[in-house]
Amino acid sequence: MATAAPSAASRIAVVTGASSGIGAATARRLAAAGYRVVLTARRKDRIEALAEEIVAAGGSATAYQLDVTDRAAVDEFATAFRTIGVLVNNAGGALGADPVATGDPDHWRTMYETNVLGTLHVTQALLPRLVASGDGTIVVVSSTAGHGTYEGGAGYVAAKHGAHVLAETLRLEIVGQPVRVIEIAPGMVRTDEFALTRFGGDQDKAAKVYEGVAEPLTADDVADTITWAVTRPSHVNVDLLVLRPRAQASNTKVHREL
């Protein structure tokens, strides 16, 4: 049985947190796969430069400055679309690596607001547009932290568990609707900013995360996986895909060549 060509609406892909790392790499990959990519992030200059890069390479991209924790701004953003085909909830991040006893509540709050409530805001605002496309896909970029704990990571782990549960529950609630819910859970990914942001700009602490690991995952590895999952036939739902570098057996078991 022949597969119908996707509608123009189903070729629109919104990517949150697209200013760097996994988000930027995913935008590039989806654009190369033929999607009209809408780049969102707080850093306007970054996403505008990326949109120009994608267009120069023959793709289609639009930049839209957006803070996913601002519900009013998210709702306004959603009014720009009647339908969309793909939403990649990538905006998030980690702050600090303190034990529960001394963790900064402000860090915990920020992580929850970006990783969980930010995903909730954008998903709620765009879900009717995804349903209207007749062939929608929601991707939640969580983490292996959403599936296992480790010392010093409770705030981030709690937030990513929240993102995981959001994806899992949404899939149950909208079954029968023409929308897939995919969770991609990366392990150790070396990007320019993730660990550096987590440790408040401390280069030494950030470097130690990857010390002795020959080949951590890259942002493009994760983007390639996201794009593969999104481009499966419409009836195929990749519920959960966990990916780690070969050197990482679990959140706490990593082979290091020191």
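Contact here means heavy atoms within 4.5 Å. The structure is a predicted model, in which local features need pLDDT of at least 70 and side-chain atom pairs count only at pLDDT 80 or more, while totals for chains, interfaces and linings use all residues. Residues are numbered from 1 along each chain as its sequence is written, and side-chain values use heavy atoms, with hydrogens and water left out.

R129 touches A78, T79, F81, R82, T83 and I84, not counting residues up to four places away in sequence. R129 lies in helix α4 (residues 105–133); helices are DSSP runs of H or I with at least four residues, numbered from the N terminus. Between the C-alpha atoms of R129 and I84, which are 45 residues apart along the chain, the separation is 5.5 Å. A polar atom of the R129 side chain lies 3.1 Å from the backbone oxygen of F81.

Helix α1 (residues 21–32) packs with helix α2 (residues 44–56) at an angle of about 25°, and their axes are 10 Å apart. Axes are lines fitted to C-alpha atoms over the stretch in contact, and angles run from 0 to 180 degrees between N-to-C directions. The two helices α1 and α2 are therefore roughly parallel to each other, a term for angles under 35 degrees. In this packing, A24, A27, R28 and A31 of α1 meet L50, E53 and I54 of α2. These contact residues comprise five nonpolar, no polar and two charged; Ala, Val, Leu, Ile, Met, Phe, Trp, Tyr, Cys and Pro count as nonpolar, Asp, Glu, Lys and Arg as charged, and the others, Gly among them, as polar.

Just after α7, G212 takes a positive phi of about 80°.

How values were computed: Angles under 35 degrees count as roughly parallel, over 145 as roughly antiparallel, 65 to 115 as roughly perpendicular and the rest as oblique. A polar contact is a pair of N or O atoms within 3.5 Å; within protein, one must be able to donate a hydrogen and the other to accept it, and residues adjacent in sequence count only if both atoms are side-chain atoms.
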